[in-house]
Amino acid sequence: MPTVMRGGVHRALTVVAALTLAPVAAHADAAPGPGEGRLIGSGALATVKEHLRALQAVANIHHGTRAAGTLGHEASRDYVAAKLRAAGYQVTIQPFEFPFYQERSTALMERVTPAHKVYAPTPPDGSSLGEFATMSYSGRGDVVAALQNVDVMLPPGPTPNTSTSGCEAADFAGFKPGNIALLQRGTCTFLVKARNAQAAGAVAAIIFNEGQPDRTATPQGNLGEPVSIPVVGASFAVGQELAAGATVHLRTDTISEVRTTSNVIADSPWGNPNKVVMSGAHLDSVLAGPGINDNGSGSAALLAVAEALGKIPTRNKLRFAWWSAEELGLLGSTYYVDHLTPARRSKIKLYLNYDMVASPNYALKIYDGDDSDATGAPAGPPGSAEIEKLFEHYYDLLGQGHNGTDFDGRSDYGPFIAAGIASGGLFTGAEDIKTAEEAALFGGTAGQPYDACYHKACDTAMNINDRALALNTGAIAAAALVYAFKPTLPGPTAATETAAITAIADPGAELRGRIKR
């Protein structure tokens, strides 16, 4: 190894040894003593907490949110990019367009004639299900008009997806422009029905559920892209009632438009550009809250690790990403992967994902790269099993329990797996319920969500478990170091990671030659 590379290893070990002090301290009693408290509160964890406080301050200034398409997200992006530039990275801001939607206040639907009746709404936060609900990407409007049935099937067919109401332009033959279209759920998408109604001159559309068993409640539909007229879903009972003839007052208060947001991509100046080690975390929150655990935690931990390693020469090139619009369907990471040329895609040897790494009632979950849990999705692409084993070895060295979590497609590893790139990462749980076995392994409360503030306004800087944050910051640093210097990256010919992980736990061992030079 050239002198500069050998020096880089030594410097990296010093940095990561400091970063991994936090998990060693955190492995102590859940209520650390004064000395341990000072250790946990120092170094990397202190840096991560500083970043979390900054993201909270951004949300406080920008109406309590850092969602994609808002000023809160733009300020978060600028904060991360500035820190990365100062750490020596080449930073790329990657803009892309996406459909932005927000329901600003609760909708109103009332029958004006033949007899006045107000229908129970579903509030914007979805905290209760009413007799109707505004569909995502509905237009804004306040209209009073006669309803006109569009090819509705009453009574409903014997099986779901029988009704073709509104699926073809021909269904609107004889439709009177200025009326509200009454449509029935069925064989085509909500968007097709809404677009056809809009093209026929409808001033609004009500799409009621189809009517078979388990298909009667109010559908909380997602149109997928903006439309200009109000569109709501209604229960089958409401639709059946309105189909007898009515004049309806319908009001929706939404923003539904195409906006621009951005990913942040940071490349180290060091390392082999044909062997890229990529790590990512989504930076956006939901509109309902500041998103400090989801996913300020992953974003802040990744940023602290990137800062620590930014000026250290490495064997392989490190690339870090902070994705936008993950909460809307992995839009940022999908855009990035879809716009890679085949040559650039082939250079990314692995992807590590960090989403929600400090849940208050946490479990330490490692993505199941080899499908050893035999749950849900199959194993990840070749190399994913080796990534899972690396994280397992790291926690095992600390005597820290861990369990697996399925590649269920809910975070930004999804597009990388679809592209055949070895993937892995860490997760501490969202809205699902902690089991008794997990409570015995990690502490906390069985029968309660991992994060009771998931996608809520209470996901603030107070919604962070410092022990989980410290443990996972150390794990993120360990993985970055191992893969930054490993001659053979995960894949069909990857060697065991045990020696490399042992070197992190014992930096002196590295100096004695445990990592090949």
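**Exercise 1. Which cysteine does Cys 453 join in a disulfide, and what is the S to S distance?**

Solution. A disulfide joins Cys 453 to Cys 458, with S to S at 2.1 Å. The term stands for a pair of cysteine sulfur atoms within 2.5 Å. Next, take the angle about the S-S bond. It is -115 degrees for Cys 453 and Cys 458, and the link is left-handed.

Before going on, note the ground rules. This is a predicted model: local features need pLDDT of at least 70, side-chain atom pairs count only at pLDDT 80 or more, and totals for chains, interfaces and linings use all residues. Residues are numbered from 1 along each chain as its sequence is written, and side-chain values use heavy atoms, with hydrogens and water left out.

**Exercise 2. Are Cys 453 and Cys 458 buried, partly exposed or exposed?**

Solution. Start with the cut-offs. Buried means under 20% relative accessible area, exposed means over 50%, and partly exposed lies in between (1.4 Å probe, protein chains only). Cys 453 has 13% relative accessibility, so Cys 453 is buried. Cys 458 has 35%, so Cys 458 is partly exposed.

**Exercise 3. How many disulfides are there by this rule, and what pattern do they follow?**

Solution. The count comes to two disulfides. One of them joins Cys 167 to Cys 188, with S to S at 2.1 Å. The link of Cys 167 and Cys 188 is left-handed, with -90 degrees about the S-S bond. Now place the two residues. Helices (H or I, at least four residues) and strands (E, at least two) are DSSP runs, numbered from the N terminus. Cys 167 lies in the loop between strand E4 (141–149) and strand E5 (180–184), and Cys 188 lies in the loop between E5 and helix H6 (190–199), so the pair ties together parts that are 21 residues apart in sequence. Then check burial. Cys 167 is at 18% relative accessibility, so Cys 167 counts as buried. Cys 188 has a relative accessible area of 19%, so Cys 188 is buried. Last, the pattern. With bonded cysteines counted along the chain, it reads 1-2, 3-4.

**Exercise 4. How many aromatic pairs does the structure hold, and what kind of pair do Trp 323 and Phe 416 form?**

Solution. The structure holds 19 aromatic pairs. Rings of Phe, Tyr and Trp (its six-membered ring) pair if their centres lie within 6.5 Å; planes under 30 degrees apart count as stacked, over 60 as edge-to-face and the rest as tilted. Trp 323 and Phe 416 lie 6.0 Å apart, centre to centre, with 50 degrees between the planes, and the pair is tilted. Trp 323 is in strand E10 (residues 316–323) and Phe 416 is in helix H12 (residues 413–418), so the pair ties together parts that are 93 residues apart in sequence. Both Trp 323 and Phe 416 are buried. Ring pairs also link Trp 323, Tyr 336, Tyr 351 and Phe 416 into a cluster.

**Exercise 5. Why is the pair of Tyr 367 and Phe 407 stacked?**

Solution. The ring centres of Tyr 367 and Phe 407 are 5.4 Å apart and the planes are at 5 degrees, so the pair is stacked. Tyr 367 is in strand E12 (residues 365–367), while Phe 407 is in the loop between strand E13 (403–405) and H12, 40 residues apart. Tyr 367 is at 4% relative accessibility, so Tyr 367 is buried. Phe 407 is at 7%, so Phe 407 is buried too.

**Exercise 6. Which residue lies over the face of Phe 100, and which over the face of Tyr 362?**

Solution. A charge sits over a ring if NZ of Lys or CZ of Arg is within 6 Å of the ring centre and within 35 degrees of the ring normal. Arg 259 lies over the face of Phe 100, at 3.7 Å from the ring centre. Lys 434 lies over the face of Tyr 362, at 5.5 Å from the ring centre.

**Exercise 7. Where is Pro 114, and where is Asn 295?**

Solution. Pro 114 is in the loop between strand E1 (90–113) and strand E2 (117–118). The peptide bond from Thr 113 to Pro 114 is cis, with omega near 10 degrees. Asn 295 is in helix H8 (residues 292–309). The bond from Asp 294 to Asn 295 is cis, with omega near 0 degrees.
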